[in-house]
Amino acid sequence: DVVVTVRVGSNALLFPALARGELDVVVGVLPDDSDPDAPGSEPLLHVPLYRESLCVVVGRQNPLATRKRIGLAELHGADWIVPTRESLAYPSVRAFFQKAGLPLPARRTESVSILTNLELLNASDMVALMPHSAAQRFDQAGSLVVLPIQGLGAFGVVGYTVRSDREPTASTQVLLAALREAGAGLGQRLDGVP
């Protein structure tokens, strides 16, 4: 008899709602010290689960899907889907292209909507940057193909945030245990993560 409501938003919106007691838990990329949306004096506790990285994906129908070797320069002129400028992954995207000596693709759609991106990829020959944990599941399900592009490192630590001054409810504790279990099988494990 528990009602679960899922809200989607940036840390700048969700952390204050958590601090006000409007939310029980925030799940996503945790802020680091340089994150302008990091909480100030709010009583929040960040619990890391795993390190997330990005990968390059295409739809199964894309001619690139069968390639065993491909360079980023070959893809640069394609229509791309990249995370939005306000996403925590965006600086990693910029750094990835800069490291390869390339500007951000001129023909790009900025989106963090997995469903929108999946539809665009399966209806066209677009190329996308996607969190590895999501892309791996779509690849295994036969929806997308992860391209063999190297150089996209980790962009952040995924975890959950709760209030440090309030004990989670019994139902929230069950959710947190499930998050820890799911996080153990995703991304790159972190030393000291429960």
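This is a predicted model: local features need pLDDT of at least 70, side-chain atom pairs count only at pLDDT 80 or more; totals for chains, interfaces and linings use all residues.
User: Why is the pair formed by W80 and F97 called edge-to-face?

Analyst: A pair of aromatic rings is described by the distance of the centres and the angle of the planes. For W80 and F97 the ring centres are 5.2 Å apart, which falls within the 6.5 Å required for a pair, and the planes stand at 80 degrees, which is over 60, so the pair is edge-to-face.

User: What makes W80 and F97 a link between distant parts of the chain?

Analyst: W80 belongs to strand β3 (residues 80–82), whereas F97 belongs to helix α3 (residues 90–99), and the two are 17 residues apart.

User: How do you know whether W80 and F97 are buried or exposed?

Analyst: Buried means under 20% relative accessible area; W80 has 0% relative accessibility and therefore counts as buried, and F97, with a relative accessible area of 0%, is buried as well.

User: Why is the pair of F96 and F97 called edge-to-face?

Analyst: The ring centres of F96 and F97 lie 5.4 Å apart, and their planes are at 65 degrees; since the cut-off for this class is over 60 degrees, the pair is edge-to-face. F96 is buried, as is F97, and W80, F96 and F97 form one aromatic cluster.

User: What makes V6 exposed, and where is V6 placed?

Analyst: V6 has 71% relative accessibility and exposed means over 50%, so V6 counts as exposed. V6 is placed in the segment before α1 (11–19), and together with V2, V4 and V8 forms a nonpolar surface patch whose accessible area is about 480 Å².

User: Why is G71 called partly exposed?

Analyst: The relative accessibility of G71 is 27%, and this value lies between the limits of 20% for buried and 50% for exposed, so G71 counts as partly exposed. G71 is found in the loop between β2 (44–59) and α2 (72–75); its C-alpha is 8.5 Å from that of Q150, although G71 and Q150 are 79 residues apart in sequence.

User: What lines the largest pocket, and which residues are closest to its centre?

Analyst: The largest pocket holds about 1700 Å³ of space. Its lining has 50 residues, of which R7, V8, G9, V27 and G28 are the closest to the centre. Among the elements that give two or more residues to this lining are β1 (26–29), α4 (114–123) and β7 (154–163), while α6 gives the most, with six residues.

Key. Residues are numbered from 1 along each chain as its sequence is written. Side-chain values use heavy atoms; hydrogens and water are left out. Patches are made of residues with over 30% relative accessible area and no salt bridge: like charges are joined within 9 Å, nonpolar side chains (Val, Leu, Ile, Met, Phe, Trp, Tyr) within 5 Å. Accessible areas come from the Shrake-Rupley method with a 1.4 Å probe; for residues, only the protein chains shown count as cover. A salt bridge is a side-chain nitrogen of Lys or Arg within 4 Å of a carboxyl oxygen of Asp or Glu. Helices (H or I, at least four residues) and strands (E, at least two) are DSSP runs, numbered from the N terminus. Buried means under 20% relative accessible area, exposed over 50%, partly exposed in between (1.4 Å probe, protein chains only). Rings of Phe, Tyr and Trp (its six-membered ring) pair if their centres lie within 6.5 Å; planes under 30 degrees apart count as stacked, over 60 as edge-to-face and the rest as tilted. On a 1 Å grid over the protein atoms alone, a cavity is a set of points where a 1.4 Å probe fits but cannot get out, and a pocket is an open set with protein on both sides within 12 Å along at least five of seven lines; lining residues have an atom within 4 Å of a point. Grid points are joined across faces, edges and corners, and a volume is the space filled by probe spheres set on the points.
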